[in-house]
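I opened the model today and kept notes on what I looked up. The entries follow in the order I made them.

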Amino acid sequence: MAFPLILQCIQRIDEKYNSSVISQEFENEVSFKLIKWLLYPYLFIVCLSPLILGYVNAKTNLSYIIHCFMLIYILVIAVLMILLFNKIMVYYNLNYLVESLQIKNPSRKVLVSFDLARYASRKGYQDTYIKAMAKIAECIMLEQRNTEEGREVIYSENVRRVLVEIGKTIGDFKSEEYGYKFDELIDVIYDKSNKTYLSDSTYKLLWFMLNNAAMRGDNGWIKNYWTWTTQYYSYISMRAQNKQTEDFYKFNVMLGALLVFNKRYECLYHIMTFTQSQPAKFPLIPDTLGKILSCAGQFESMLDKPLEVYGKYTIQGLDHGINNDDAIISEAYKYLALLIIRIWSYKDYNYTYSNPLTIPQADYYNADINEKRIFILERLKKYTIEWLDSDVFTYIRLNNIPAIDDVKKILDDCANECKKMNQEIDGRKGYDDQKLKHITDEAIRVNYENYITIPSQTDLPPKESLCIDKFIQACNSVERRFLQKGRAVECGGIGNFLAEDLYLKYKQVYIEIVRQSFNMSTKNINRNKLQEYLDRLSLTQEHVIIKLTSGLKISTGALEYDLGRLYCDEFIIICEKKYLPSLDFIEIQEQRNFQIIDEYNYLYFCVEEHPDIFMLYLGQTMRVIRDKEKRTARMIKIT
C-alpha cells in the first residue's frame, strides 16, 4: 500500500512546483530507486513464502535462516521508507529543498534550481529565491572556470535554456513569475574573476533579453544592465584592447539603436549620463566626434556582409524585408546623431581634457575612406536636424542643447576637410604599385596561355636566312581613379585585354611576313571538298599547314599550326617545313620606358601618366627568320 502513496506524493510535488524537472529529480533519489527495486522481489517473496515455509518446516535450521532473511529484508524496506518519507518532507518544504539540494551534474542542477527560483518568485519568498538563484550562479560560474583562459565561454544547453526562459520573463509584468526580475544573473555572466570572453551565443541571449526589456518598457532592468555592463567593460578594457573588447563596445552601442527604435527616452537619458567616477567617464558612450564617426564607419562596414547586422542585432517590431540591415543601421545612426547633440552638454567635462568636437583629420592616403566619411556625415546631419526639430528633449533632459546651425557647421567643416584632402590625393602623381602588379600579373598569365606554337629557329633546318625584328605593342587608356593611389576601385580585365590584343597583333604580323616569304598560289575550295583536295596532295611530316580558321578539322600527314581566324575570310597556308619562317621573342631594344615583366617570354610593360588618364603599353619584340629565296606555297581560301 505504500507504493501508491509514494506515487501520489510525486504527483503532489509535480502539482506544487509545476515542474517535471523537480519530479524527475525526486525519482532520481537513491532511496526511491532502492525501494522501487526492492518491492518487486518482495511481491514474489510474499506470494511464495507459505509454500517455502511449508516445505522447510521440518528442517529447523533452514526455516530459521529463511525467517531471518525475510525479517532483515522487511527491515531494510522499512528503513528506506522512513528515509524516503523524510525526503518527501524536504521536497514539500521549499526552503529545506533549496538548502539540501545536492546534484552532482551542474547541467541538471541549473534546471532544478531555476524551477525552484521561479516558484519562489511566484510566491514572493525572497530569501528562498535568492538561495535558488545562488545555485544557478554556481553552475554558470563553474562552466566559466572550466573554460580555458583567453577563450570564449560556451555554456551548456541547459544553462542556455535557463537564460532563454529568464529572457522571456523580462518586462512581462502580468506574469505570475515576475515577483523578482532574475536580473542578478547578468552580473554573473559578466564574470570579472576569470580571463574569459563572451561567445556569440551569449551575445544572442543578451540581445534577446534586451529586446524584450526595450519592447516591453522594463526600464529598471535596462538600467541595472547598464550598471553591470559599464563595470565589466572597465574591467576587460584594462586587460587589453582586442577584438573581444571592440565587439562588446559595438554591442552596447547598438543597445542605443534598440532604445531609439522603441522610444525609451528615459533609458537613453540614463545611459548617456550614467557615470561612476569623477571626473565623469562614459566608457561605453562614443563621447567625441571622432569616436562617433569611427562607430558609424564600423556599422557601414557591416553592411558589406549581407544579413550580418540582422543576424546579430535583430530588433523586434522592425521588419523591412531584405532591407532589414539598412533599417537597423539607420536606428544606429539616429542614436549616434543624438550623441553628437549630447557632446554640447558634456564638452566641458571631457575626462581627456580635450575638445570632444575637434574635427578628426581626413585620411591622408585613402580617398575612399574620406568619401565614406562624407557620406556618414551627411547622414548624421540629417538625423541630427530631425532630433533638434522634434520635442524629444522634453523627455531627454540634456543641458545646453545646440542650435541647428552650430551642429551643421561642425559636420560641414568635417566633410569639407575630407573633400579638400581628396582633391589633394587626386592631384598627386604616381600610381598604385599593387594595382599595377595585378594588371601585369594578369597580362603575364594570359600571354603564357596564348603561347604561339610556330617553331623557333632551333627547331627548323638551317638555311640562308633573312632576319626580321618587329616590336609589337598593345595599348589601352585607363582613367586615373582606377590606378591612382588612395582609391580602392579597380578596373578588372585590363591585363587580359592587353595580352589578347598583343597576341592578335603579332599573329597578324607573322602571317604578313609568311605571305611575303613565298610565291603564293591561291585557290578557292568549298569546305566540304577540302579534305578530298588535301588527300590528293599526299602531305607528309615535311609539310606544314597554317590554319587561319575557326573550328576547322582536317586529317593529313602534315604538321598543323592553328592561329585562329584573323580575317573576314578563312584560309589555310601549305608549305614545306624547311622553308617555314621561324618565330622567336627576343630582348627588347630601346623603346620608351618599357620594363621587363616576364624574362622567360621577354614581355615588357610601360605606363605613361597624363592629366586625366594612364596609358598602359604591353610589348614584345618578335624575330622572324625567313629564307632569302622566295619559295612556292599554297594559300587556300575556304568558301
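This is a predicted model: local features need pLDDT of at least 70, side-chain atom pairs count only at pLDDT 80 or more; totals for chains, interfaces and linings use all residues.

**Entry 1**

Residues are numbered from 1 along each chain as its sequence is written, and side-chain values use heavy atoms, with hydrogens and water left out.

Which side chain meets that of E266 in a salt bridge? It is K223, at 2.6 Å, N to O. A salt bridge here is a side-chain nitrogen of Lys or Arg within 4 Å of a carboxyl oxygen of Asp or Glu. K223 sits in helix α11 (residues 219-239) and E266 in helix α13 (residues 265-273), so I wrote the pair down as a link between distant parts of the chain, 43 residues apart. Helices (H or I, at least four residues) and strands (E, at least two) are DSSP runs, numbered from the N terminus. K223 is partly exposed too, at 24%.

D287 is buried at 7% relative accessible area, while K291 is partly exposed at 35%.

I then checked R527 and E570, whose side chains meet in a salt bridge at 2.3 Å, N to O. R527 lies in helix α22 and E570 in strand β7, so this pair ties together parts that are 43 residues apart in sequence. Is E570 buried or exposed? E570 is buried, with a relative accessible area of 9%, and R527 is partly exposed at 32%. I also found E378, K381 and D412 joined into one network by salt bridges that share partners.

**Entry 1: the sheet**

I traced an open sheet of five strands in the order β4-β12-β7-β5-β6, with mixed pairing. Two strands pair if DSSP finds at least two bridges between them. The edge strands are β4 (518-525) and β6 (559-562), each pairing on one side only. The twist averages 20 degrees from one strand to the next.

I followed β5 (residues 543-548), which pairs with β6 in the parallel sense over four bridges. K547 stands opposite D562 in β6.

Next I looked at helix α21 (residues 494-517), which packs on the sheet and touches β4, β5, β7 (570-576) and β12 (631-638). Contact means heavy atoms within 4.5 Å. The direction of α21 makes about 105 degrees with that of β4. Axes are lines fitted to C-alpha atoms, for helices over the stretch in contact, and angles run from 0 to 180 degrees between N-to-C directions. Helix α22 (residues 527-537) lies across β4, β7 and β12, and runs at about 155 degrees to β12.

**Entry 2: one isoleucine**

Last, I looked up I404, which is found in helix α18 (residues 404-427). I404 counts as partly exposed, at 26% relative accessibility. What does I404 touch, not counting residues up to four places away in sequence? I listed I385, L388 and D389. From C-alpha to C-alpha, I404 and D389 are 8.5 Å apart in space, and they are 15 residues apart in sequence.

Conventions
Buried means under 20% relative accessible area, exposed over 50%, partly exposed in between (1.4 Å probe, protein chains only).
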